[in-house]
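Hi everyone, thanks for coming.

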Amino acid sequence: MEKEKKINSLDVAVKQVDIAAKHLNLNPGLVEKVKQTKRELTVHFPVKMDDGRIEIFTGFRIQHNTTRGPAKGGIRYHPDVDLDEVRALSMWMTWKTAVVNIPFGGAKGGVQCDPGAMSRQEVENMTRRYIWEIAMMIGPDRDIPAPDVNTNPQVMAWIMDTYSMLKGYSVPGVVTGKPLELGGSLGRHEATGKGVVVVAQEAANQILGFSLEGAKVAVQGCGNVGGIAAQYFERAGAKVIAISDMYGGVFNPKGLDVQRVLDCRNQYACILDRKTPNWDEISNRELLELECDILVPAAIENQITHQNAPKIKAKMIVEGANGPTTNEADDILRDRGIVVVPDILANAGGVTVSYFEWVQNLQELLWTEEEISDRLTRIMKRGFAEILGVSRRDKVDLRTAALILGIGRVVKASELRGIYP
Ligand code: NAD
């Protein structure tokens with residue numbers, strides 16, 4: 001078998017800029033500018049562990065672009081987080097906020113750690129010290145973090161508290177994805193997964209001519225994005241035939257009971273812990289190659305590569321995760337007629353409701369769940385319609401269309417602002 005080479009997500013992201021730039025008549029200097037990040041901070045910091053040891057952690061916060069507004073992007077806790085990954089993720093955030101046309105730039109942060117092997121107290125200590133180290137970079141007017149892989153509303157609460165302690169007053173707008181009791185928004189928790197299903201429905205109807213009713217869906221990852229998307233697919237009448245986590249997946253060609261899988265995950269921290277006759281075990285690799293209508297990679301980057309793209313049988317891929325498909329895989333999927341709804345639109349529901357949360361915090365008011373849900377659906381549908389329009393106009397795939405739209409908006413904003421001094 002061909003030896004697997006680690007794919008650098010930054011190479012993927014920069015190549016995407018080149019692909020889109022060919023279709024845009026842009027100042028080459030400004031194109032070079034958006035291939036680089038604006039500001040990067042690496043921090044090494046000590047944390048007191050439960051057994052009395054002091055462990056040194058490494059963390060990053062990177063702002064890719066702030067031309068259209070404050071930087072915005074999640075914080076990831078994972079052993080493999082590195083500078084290039086955070087750079088790529090921050091760049092995708094810039095295009096994403098531009099695609100759905102909300103007034104933010106792009107950022108991302110991360111700490112190299114394995115939170116699964118740490119106690120709650122250790123995760124809290126690490127979070128507080130990390131935020132103290134990057135506090136000069138963040139703030140409600142400059143850079144607003146949010147949850148990402150292995151971070152959650154509790155971590156956001158610690159971030160808000162640490163920043164507020166430094167300032168001497170409460171600053172709820174410094175972070176989104178907070179618990180409701182601290183100024184979090186109704187609908188934020190569900191937003192990314194719900195948005196995935198809204199655009200999946202639009203693409204199925206408008207491009208491939210099928211509805212979600214009875215459609216077979218396979219979902220890789222059952223966290224905030226994958227788990228919730230699976231629930232919304234089921235509610236829309238689709239059959240979720242496979243779901244996985246990092247250890248592997250469960251499969252039933254007649255459709256799984258999604259709630260039962262998620263209960264298993266919540267109870268045993270792994271969906272495979274309780275095997276029942278209602279499902280078979282499946283590997284993550286097998287899940288991606290299942291016969292299905294819609295495949296939703298909702299775990300991590302670089303899952304669909306030139307190696308498995310020729311074997312994918314889904315009619316459509318809706319990218320819940322950031323960067324799950326490499327450039328080479330994109331070419332193969334396009335040639336095979338498989339529709340890819342790209343991450344920078346498909347998972348933009350999270351940042352969209354984060355924007356609503358930030359607006360509510362700044363204005364000190366609270367929108368109802370219905371208002372949030374209606375506005376989210378409207379923005380996701382508008383984003384999809386705009387991308388489909390560009391794709392048909394320029395005869396390009398949906399990813400290239402999304403990049404044309406997003407990069408075009410950022411570079412246009414740069415031109416209007418001009419170069420200082
Ligand atoms: P999460 O930590 O809640 O869940 C991640 C899931 O992926 C878990 O089920 C985990 O077991 C699984 N996983 C981890 N490593 C894996 C591997 N090697 N193979 C297969 N599965 C693996 O994270 P999340 O918030 O759901 O984020 C998932 C993806 O969606 C990431 O790419 C993230 O950047 C992106 N995203 C998240 C949000 C959000 O609002 N949370 C918004 C936009 C994009």
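Some ground rules before that. This is a predicted model, where local features need pLDDT of at least 70 and side-chain atom pairs count only at pLDDT 80 or more, while totals for chains, interfaces and linings use all residues. Residues are numbered from 1 along each chain as its sequence is written, and side-chain values use heavy atoms, with hydrogens and water left out.

Okay, domains. The assignment gives domain 1 (39-173) and domain 2 (190-346); bounds like these come from an automatic or database domain assignment. Their C-alpha centres are 27 Å apart. In the contact between them, 11 residues come from domain 1 and seven residues from domain 2. By contact I mean heavy atoms within 4.5 Å.

Now the inside. A nonpolar core is a set of buried Ala, Val, Leu, Ile, Met, Phe, Trp, Tyr and Cys residues joined through side-chain atoms within 4.5 Å. For burial, under 20% relative accessible area is buried, over 50% is exposed, and in between is partly exposed, with a 1.4 Å probe and protein chains only. The largest nonpolar core has 90 residues, and Trp95, Phe233 and Ile407 are among those with the most contacts inside it. Which helix gives the most to this core? That's helix 14, with nine residues. Helices here are DSSP runs (H or I, at least four residues), strands are too (E, at least two), and both are numbered from the N terminus. Domain 1 and domain 2 each put at least three residues into this core. Apart from it there is another core, of 27 residues, including Met49 and Cys113.

Take Ile407 for a moment. Setting aside neighbours within four places in sequence, Ile407 touches Val17, Ala20, Leu24, Leu26 and Trp95.

Next, a pocket. On a 1 Å grid over the protein atoms alone, a cavity is a set of points where a 1.4 Å probe fits but cannot get out; a pocket is an open set with protein on both sides within 12 Å along at least five of seven lines, and lining residues have an atom within 4 Å of a point. The second largest pocket has a volume of about 320 Å³, that is, the space filled by probe spheres set on the points, with grid points joined across faces, edges and corners. Its lining includes Lys33, His64 and Arg417. Strand 2 (54-65) and helix 14 (398-417) each supply at least two lining residues. What is the lining made of: how many nonpolar, polar and charged residues? One nonpolar, eight polar and three charged. Ala, Val, Leu, Ile, Met, Phe, Trp, Tyr, Cys and Pro count as nonpolar, Asp, Glu, Lys and Arg as charged, and the others, Gly among them, as polar.

Last, some single residues. Asp330 sits in helix 10 (residues 327-335) and is buried, at 12% relative accessible area. Beyond four places in sequence, Asp330 contacts Thr325, Val340 and Arg399.

Most residues other than glycine have a negative phi, and most peptide bonds are trans. Asn150, in the loop between strand 5 (143-147) and helix 5 (153-167), has a positive phi near 65 degrees. Lys395 has a positive phi too, near 55 degrees, and is exposed at 73%. Finally, a cis peptide bond joins Tyr420 and Pro421, with omega about 5 degrees; Pro421 is in the segment after helix 14.
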